[in-house]
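Subject: A structure for you to look at

Hi there,

Here is the structure I promised to pass on to you. Have a look around first, and then read on for what I found in it.

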Amino acid sequence: MTLQLISFGFLHDVPPTAHRVEDLRDRYRDPAAARPILDLDGRDGRVQAVVLATPGVAELVDNLTAYALLPIGPATIALGCAGGRHRAPAVAEILAARLRDLGRLVDVDHRHVHLPRVLTT
């Protein structure tokens with residue numbers, strides 16, 4: 001069975017239907033504040049490195065890996081951040097790479113990564 005990972009932005013849409021939905025907005029700082037990666041997205045290795053260095057993210061990836069590898073594991077995990085450009089796609093890509101290395105089939109759907117950054121006043 002192929003696991004589907006979905007990254008999305010809460011400010012663009014309601015969370016997709018999934019076996020587990022992770023809201024990354026409040027627990028993990030927004031890496032978009034780092035100027036060098038501001039215009040990049042979570043598919044870029046530089047963004048992934050910044051996100052993975054955020055306190056708590058490595059533990060989240062470990063937890064999601066264990067969850068995805070359960071004998072009757074999930075078919076879908078959704079990861080959401082504010083705009084869907086940095087945190088959620090980065091965690092989805094990091095998790096997908098880890099699970100593929102462990103032999104799990106994974107598809108990744110980035111729903112909002114192509115949209116412009118969400119700017120707040």
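A term to start with: two strands count as paired if DSSP finds at least two bridges between them. Please also keep in mind that this is a predicted model. The average pLDDT of the protein is 92, and 96% of the residues score at least 70. Confidence is lowest in H1, with a mean of 94, and highest in E4, at 98.

**The sheet**

In what order do the 4 strands of the open sheet lie? The order is E2-E3-E1-E4, and the pairing is parallel. Strand E2 (20-23) and strand E4 (106-110) are at the edges; each has a single partner strand, so one side of each has no neighbour in the sheet. Going from one strand to the next, the twist averages 15°.

Now look at strand E1 (residues 3-9) and strand E3 (residues 76-81): they run parallel and are joined by 6 bridges. As an example, glutamine 4 has threonine 76 in E3 as its bridge partner.

**A closer look at one residue**

Is threonine 76 buried or exposed? Its relative accessible area is 14%, and buried means under 20%, so threonine 76 is buried. Setting aside neighbours within four places in sequence, threonine 76 is in contact with Leu3, Gln4, Ile6, Thr17, Ala18, His19 and Arg20.

**The helices**

Helix H2 (residues 57-68) lies across E1, E2 and E3 and runs at about 175° to E2. Helix H3 (residues 87-101) lies across E1, E3 and E4, and runs at about 170° to E4.

How do H1 and H3 meet? The axes of helix H1 (residues 45-52) and H3 come within 9 Å and cross at roughly 95°. Angles of 65 to 115 degrees count as roughly perpendicular, so H1 is roughly perpendicular to H3. On the H1 side, the contact is made by Val47, Gln48, Val51 and Leu52. On the H3 side are Arg87, Ala90, Val91, Glu93 and Ile94. Sorted by type, the residues of this contact are 6 nonpolar, 1 polar and 2 charged.

How values were computed:
Residues are numbered from 1 along each chain as its sequence is written. This is a predicted model: local features need pLDDT of at least 70, side-chain atom pairs count only at pLDDT 80 or more; totals for chains, interfaces and linings use all residues. Side-chain values use heavy atoms; hydrogens and water are left out. Helices (H or I, at least four residues) and strands (E, at least two) are DSSP runs, numbered from the N terminus. Axes are lines fitted to C-alpha atoms, for helices over the stretch in contact, and angles run from 0 to 180 degrees between N-to-C directions. Contact means heavy atoms within 4.5 Å. Angles under 35 degrees count as roughly parallel, over 145 as roughly antiparallel, 65 to 115 as roughly perpendicular and the rest as oblique. Ala, Val, Leu, Ile, Met, Phe, Trp, Tyr, Cys and Pro count as nonpolar, Asp, Glu, Lys and Arg as charged, and the others, Gly among them, as polar. Buried means under 20% relative accessible area, exposed over 50%, partly exposed in between (1.4 Å probe, protein chains only). pLDDT is the predictor's confidence in each residue, from 0 to 100.
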